[in-house]
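The sequence and structure come first.

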Amino acid sequence: MTHAVEEAKQGAKQTLSNLIQEAQKLSGLQIERLPIKGYEQVVKASHPKSGLTAIIAIHDTTLGPALGGIRIQPYETFDAALEDVLRLSKGMTYKSAISDVGFGGGKSVIIADPKKDKTPELLMAFGAAVESLGGQYICAEDVGCTTEDVKIVRRATKYVVGLPHEKSSGDPGPFTAWGTFRGIQASVKKLYGSDSLEGKIVAVQGLGNVGAVLCEYLFWEGADLILSDIDENKAKRLAVKYGARTVSVDQILKVDCDVLAPCALGAIINDQTIPHFRCRAIAGSANNQLHRDHHANVLDEKGILYAPDFVINAGGLLNVSAELEETGYLPSWPREKAHRIYDTLLAIYEIAEKNRESTHNAALALADYRIKYRIGKRVFPPIFHHSTEN
Ligand code: NAD
């Protein structure tokens, strides 16, 4: 290494260690505990100097430290933010328990406009709040929060995943897509007795990081695709590539198909959409697909098989959590686990049928059972492989 490079690295280290000290000494950070029934810890973090108002919710750490993203959104009220973080952190508990990753459920929200309010001071103040929880909550990027933002949060806390470094996990999209693909195979197996997708019609709503890769997997297994995205050019481009048909964003939920794969938005299963569904199964990657839990029962009554979202879309969580293993990230580990989403879903379908309950309720009950009997509880603490430079 040349002298100049060495000097530059030393300089960068120096700046960063100054920043860490700065964050640790951060004055004016206020942490207030909010007593919420059914949650282990919920804290409100405020830092008037940087404009930070955030909530960190740790729902359950029975199986391991709580892992969950940082959502940055300009919520209209504090209560709206609180409701969101409580719902999301609880969802993470179930997703982690079912996925056997040895983590619990947590989430954080920063009440801010990601387009204009994000400053290094605000993100570092948030990092200091995460640090104050001593590793009970590990954060990652989420809606409104980029890898660059997480890098700044990292200056104030080590309890972060998803940073770019040699033992890091990288893009979760293909892993989520693979888990979703396996979930579609399991759903088809349940419906038709064989998991072959040859000639099966799959309608994909949303062709982003997950949806586009999912189309690739489905195409090579012989599925006929119907595609939709608000970005019509994207939909047309993929339609040409896979010999698919495109439909409008309004039509995609109403098409006749074997499987509808929602890969864009939450709450697409609701009172307005259900009467129009003409699919045999709903199996996609989108988070929080059910507007309300009881909509799973309505689907059941209509004879539509539903793949619970927190089971089928766990590939991304499997991927990111793999980097906290002692070896650092090995892609074969989350690949193997995402592959097994097929078996988990088939088991859930069987339980639901036997107990005459919705697949959503069966999945929740399975997660509760794993938590109650500590199945998959973490034995070794997570290892953070990032250095002070990332
Ligand atoms: P993305 O932002 O890359 O893609 C979403 C796509 O949906 C975009 O192409 C967007 O144009 C399109 N879209 C938005 N509104 C639409 C509408 N009304 N109709 C049709 N298309 C619309 O997101 P992603 O990473 O591909 O994730 C997709 C879904 O899966 C999200 O709900 C996300 O929360 C969930 N999810 C993603 C991951 C992951 O690893 N990326 C993991 C778990 C869950």
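## Basis

Two strands are taken to pair if DSSP finds at least two bridges between them. Helices (H or I, at least four residues) and strands (E, at least two) are DSSP runs, numbered from the N terminus.

The model is predicted: local features need pLDDT of at least 70, side-chain atom pairs count only at pLDDT 80 or more, and totals for chains, interfaces and linings use all residues. Residues are numbered from 1 along each chain as its sequence is written, and side-chain values use heavy atoms, with hydrogens and water left out.

## Strands around β8

Two bridges connect β8 with strand β9 (residues 245-246), and these strands run parallel. In β9, Thr246 is the residue opposite Leu227. Helix α7 (residues 232-242) carries the chain from β8 to β9 in a right-handed β-α-β crossover. Right-handed here means that, with the strands pointing away from the viewer, the path from the first strand over the helix to the second runs clockwise.

Strand β7 (residues 201-205) is also parallel to β8, with five bridges between them. Leu227 in β8 is the bridge partner of Val204. The crossover from β7 to β8 passes through helix α6 (residues 211-220) and is right-handed. Strand β8 (residues 224-228) has four of its five residues buried, so it is largely enclosed by the rest of the structure. Buried means under 20% relative accessible area, exposed over 50%, and partly exposed in between (1.4 Å probe, protein chains only).

## Ligand site

The ligand is surrounded by 21 residues, the closest being Thr176, Val210, Asp229, Lys234 and Ser285. A residue counts as near if one of its heavy atoms lies within 4 Å. The shell comprises nine nonpolar, ten polar and two charged residues. In this classification Ala, Val, Leu, Ile, Met, Phe, Trp, Tyr, Cys and Pro are nonpolar, Asp, Glu, Lys and Arg are charged, and the others, Gly among them, are polar.

A polar side-chain atom of Thr176 is 2.7 Å from a ligand oxygen atom. For Ser285, a side-chain N or O atom lies 2.9 Å from an oxygen atom of the ligand. Asn209 instead places a backbone N or O atom 3.0 Å from a ligand oxygen atom. Taken alone the ligand exposes 830 Å², of which the protein buries 75%. These areas come from the Shrake-Rupley method with a 1.4 Å probe.

## Positive phi

Ala267 has a positive phi, near 55°, and is not a glycine. Ala267 sits in the loop between β10 (256-262) and β11 (278-282), and is partly exposed at 29% relative accessibility.

Asn288, also not a glycine, has a positive phi of about 50°. Asn288 lies in the loop between β11 and α8 (295-301) and is partly exposed, at 32% relative accessibility.

How values were computed
Polar contact = N/O pair within 3.5 Å; in protein donor to acceptor, adjacent residues only side chain to side chain.
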